[in-house]
Amino acid sequence: MPASNAMPRWRGRSLLRPRSSDSMRTMTVPCKRPVYLTLLWLLFALAMPAYAALPKFAEVTKEAGIDFRYINGASGAKYMPEAVGSGAAFFDGDGDGLLDLYIVNGAALPGYAGPTGRNAYYRNLGDGTFVDQTDKSGTGDEAFGMGATVGDVDADGDPDLYVSNYGANRLYLNGGGAIFADVAPAAGVADTAWGTHAAFADYDIDGDLDLYVANYMDFDPAKNVECSAGQARSYCGPTTYPGQAGVLYRNDGGLAFAEVTKQAGLDDDTGRQLAAVFGDIDIDGDPDLFIANDKKPNFLFVNNGDGTFVENGAVAGVAYNEEGLAESAMGADLGDYDNDGRLDIIVATFQWLANTLYHNDGDGFFTDLTFAAQLGVQSMPYLGMTSAFVDYDNDGWLDVFVANGHLDANVKEYDPSTTYAQQNQLFRNAGDGTFVEVSGESGAGMRVARVSHGAVFGDYDNDGDVDIFVSDSATPHCTLLRNDGGNANHYLRVRAEGKKSNREGIGARVRAVSGDLVQVREIRANYGYMGSNDVRLTLGLGQRAMVDTLQVFWPSGAVQTMAGVAVDREIIIVEEIGE
């Protein structure tokens, strides 16, 4: 068990750095200048330092010691698994307070004669570098991998790892110190369909983590269909092959899971599932499930609170975009981008379609505000794979990161206007319901063009801002982006420890009030595209130097409130159990 069990109910530890006291520039204004010009000049002067201080992302993959290369097994036959890429996971596998990195790899397919690879576990050394400890960890799966999902399934304080595959999935149980053993067959979770994005959540609020595995399609290389775009060979569309239903596993304790998909109302094979994200969209105390479907209407499974779900995507307004079209949806995320207390939805889509932002209107309905939020036009020339909300500049407003990359290496043969490798995108939240693309101004790391698919988010160097790892296909290596400057603003990092609720507090809602800034965030890890992220919650605060009130609404129903919480540190909040 980790040392945190002996900690008081909440405590903090300082993570980093001295702060600059000269963040604002002073200016002398001529006294005869007209008043309106003076005001304009002052506004411009005040805005300039803030813009210049925008965080920059530096690519540090090689210097960090990450030499992973993705193998897609392509031979020219255009087998569907080649195209979708893979995910990764940021998590503290050995309990040393540092985020380790797990990367999922592909494998050989019929006709492929090149080098092969396996999944890789990189241990964080705490000095900005990682070391490959795949052999020691026992997690070097050689199957054709898709996604990585992290959660403490046995509530022993050590995070466990679920790997979804094109083929049998793995559940790596953490025995402590990041030494894992695959227990998927014994636990009953070794599904053999085409697993993509999996997610842990306590859907029945019984205090342990259940598991949902999204499945894509029923594809057999022996029945590969030859498709083309114009005269060029291309991958087939997702509706060429039959869909597969996802699978819900209920955690019954003792490492025993029961497959309850049908009785829970989730047995639907009409989709082509690529992302599965839990979140309490109706604020009724239990997690709902959004599923992004490729070329099929998205699903919104609303939790009835009795162990069952009802699919409500079309009625709620998230099954289609504002044009009434089923999107080619890839990655997805839930988050409150406008700080109104309700979870909104962002979805990455195929090239020449806009990524979609669904605003939660609070009455069971959503509105597609993509273009009103200025996320539409800029995203259309790119093929989005991961989309995620992340407060990269710690100003208290959720920004949007999108990982881009085409599927067809020969795309120029049928679409000369685009490329296989593409630049990722970063959209800064303006705080007024709109976003501004800042990809080009956010450092050399954001200007790299690769075939990006999965992306995961976490503060691997513990300096107070969120970094990004991108799983790239068909490129010399993947991409680790270090956030330089996000910690110029204040922050508070929250780690939850459930007692009656699940051990990591997954699904707990945190409400933080700091002056005029009110944020509601959920404790979560599994979102984006086939990845798992830092389970610690980083609350950006801008220049506010105190959290006035911090409330945690636990899945169990317990509520804890703290006042006058100091910032620029990490605190651990242990769930109180009433009499």
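The following legends describe close-up views of a predicted model.

**View 1. The disulfide of C227 and C236.**
The structure contains one disulfide. A disulfide is a covalent bond between the sulfur atoms of two cysteines. Here the partners are C227 and C236, whose sulfur atoms lie 2.0 Å apart. The link of C227 and C236 is right-handed, with 100 degrees about the S-S bond. Both cysteines of this pair, C227 and C236, are buried.

**View 2. The cysteine C478 in its buried position.**
The relative accessible area of C478 is 1%. Because buried means under 20% relative accessible area, C478 is classed as buried.

**View 3. The two domains of the chain.**
Domain 1 covers residues 56-491, and domain 2 covers residues 492-574. Between the C-alpha centres of domain 1 and domain 2 there is a distance of 22 Å. Contact between the two involves 75 residues of domain 1 and 39 residues of domain 2.

**View 4. The area buried between domain 1 and domain 2.**
Domain 1 and domain 2 bury about 3900 Å² between them, and carbon and sulfur atoms give 49% of this area. On the side of domain 1, the residues that lose the most area to domain 2 are H197, H490 and Y491. Together, H197, H490 and Y491 provide 21% of what the domain 1 side buries.

**View 5. Salt bridges and polar contacts between domain 1 and domain 2.**
Two salt bridges are counted between domain 1 and domain 2. In a salt bridge of R493 with D459, the closest N and O atoms are 2.9 Å apart. Several elements give two or more residues to the side of domain 1 that touches domain 2, among them β3 (88-91), β7 (145-151), β11 (195-201) and β30 (449-458). Strand β33 (490-497) is also one of these elements.

The relative accessible area of A512 is 2%. Because the limit for a buried residue is under 20% relative accessible area, A512 counts as buried. Leaving aside residues up to four places away in sequence, A512 touches L517, V518, Q519, L539, V547, T549 and L550. E441 stands 71 residues from A512 in sequence, and the C-alpha atoms of A512 and E441 are 30 Å apart in space.

How values were computed
Residues numbered from 1 in each chain as written. Predicted model: local features only at pLDDT ≥ 70, side-chain atom pairs only at ≥ 80, totals over all residues. Heavy atoms only, no water. Disulfide = S-S within 2.5 Å. Buried < 20%, exposed > 50% of the residue type's maximum accessible area, 1.4 Å probe, protein only. Domains from an automatic or database assignment. Contact = heavy atoms within 4.5 Å. Buried area = accessible area lost by both parts, 1.4 Å probe. Salt bridge = Lys/Arg side-chain N within 4 Å of Asp/Glu carboxyl O. Polar contact = N/O pair within 3.5 Å; in protein donor to acceptor, adjacent residues only side chain to side chain. Helix = DSSP H or I, 4+ residues; strand = E, 2+ residues; numbered from the N terminus.
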